[in-house]
Amino acid sequence: METTLCNIKDKTCPNPLDYDLMGIGSPVYAFQILMNVMSCLERFPDLNGKKTFAFLTHGSYMLNAGDMLKRGLLLKNAQIQGWYILSAQIIFCPTISWGVCLLMGIHHQKN
């Protein structure tokens, strides 16, 4: 299977109609999908039922960021095949005797 990876910060978005499956991903920043990811999605032509999947990463709370991306894909008539959400939370808890402890939990959610 031939795969093309594109960093949308470095070049223009490829035409998704040239591919059998399209994946789009973004970190969640301030409870939202990155604006350059949403702008790239908005520039796409009608996807006409193109099979897609999405993946998100977030640190604390993502609120409705996933819905934001889902709406964008559905507005372009994408056929959403699945989601992958990765959460990694870091909590700092200061202590008097030895400084700071760091707790990290990672949660995977597949759909």
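At what angle do the axes of helix H1 and helix H2 cross?

## Helix pair

The axes of H1 (residues 35-43) and H2 (residues 65-75) come within 10 Å and cross at roughly 15°. Here an axis is a line fitted to C-alpha atoms, for helices over the stretch in contact, with angles running from 0 to 180 degrees between N-to-C directions. H1 and H2 are therefore roughly parallel to each other; that label is for angles under 35 degrees, with over 145 being roughly antiparallel, 65 to 115 roughly perpendicular and the rest oblique. The crossing of H1 past H2 is left-handed, meaning the near helix is turned anticlockwise from the far one by less than a right angle (clockwise would be right-handed).

On the H1 side, the contact (heavy atoms within 4.5 Å) uses Met35, Met38 and Leu41, and on the H2 side Met68, Leu69, Gly72 and Leu73. Sorted by type, the contact residues of H1 with H2 come out as six nonpolar, one polar and no charged. For that sorting, Ala, Val, Leu, Ile, Met, Phe, Trp, Tyr, Cys and Pro are nonpolar, Asp, Glu, Lys and Arg are charged, and the others, Gly among them, are polar.

## The model and its layout

This is a predicted model, so to speak of ground rules: local features need pLDDT of at least 70, side-chain atom pairs count only at pLDDT 80 or more, and totals for chains, interfaces and linings use all residues. Numbering starts from 1 along each chain as its sequence is written, and side-chain values use heavy atoms, with hydrogens and water left out.

The protein has two helices and five strands, in the order β-β-α-β-α-β-β along the sequence. These are DSSP runs numbered from the N terminus (helices H or I, at least four residues; strands E, at least two). Among contacts with a separation of 6 or more, 67% join residues 24 or more positions apart. Of the 111 residues, 29% are buried, that is, under 20% relative accessible area with a 1.4 Å probe and protein chains only (exposed is over 50%, partly exposed in between). The protein exposes about 7900 Å², and carbon and sulfur atoms supply 58% of that; the areas are Shrake-Rupley values with a 1.4 Å probe, and for residues only the protein chains shown count as cover.

Thr52 lies in strand S3 and counts as buried at 1% relative accessibility. Leaving out residues up to four places away in sequence, Thr52 touches Leu21, Met22, Leu73, Ala78, Gln79, Ile80, Gln81 and Gly82.

Thr57 is also in S3 (residues 51-58), but at 35% relative accessibility it counts as partly exposed. Beyond its neighbours within four places, Thr57 is in contact with Ser26, Pro27, Val28 and Leu86.

Most residues other than glycine have a negative phi. Phe31, in the loop between S1 (21-29) and S2 (32-33), has a positive phi near 65°, and is partly exposed at 39% relative accessibility. Asn77 sits in the loop between H2 and S4 (79-95), has phi near 60°, and is partly exposed at 40%.

Leu17 is found in the segment before S1 and is partly exposed at 41% relative accessibility. Its contacts, not counting residues up to four places away, are Pro45, Asp46, Leu47 and Lys50.
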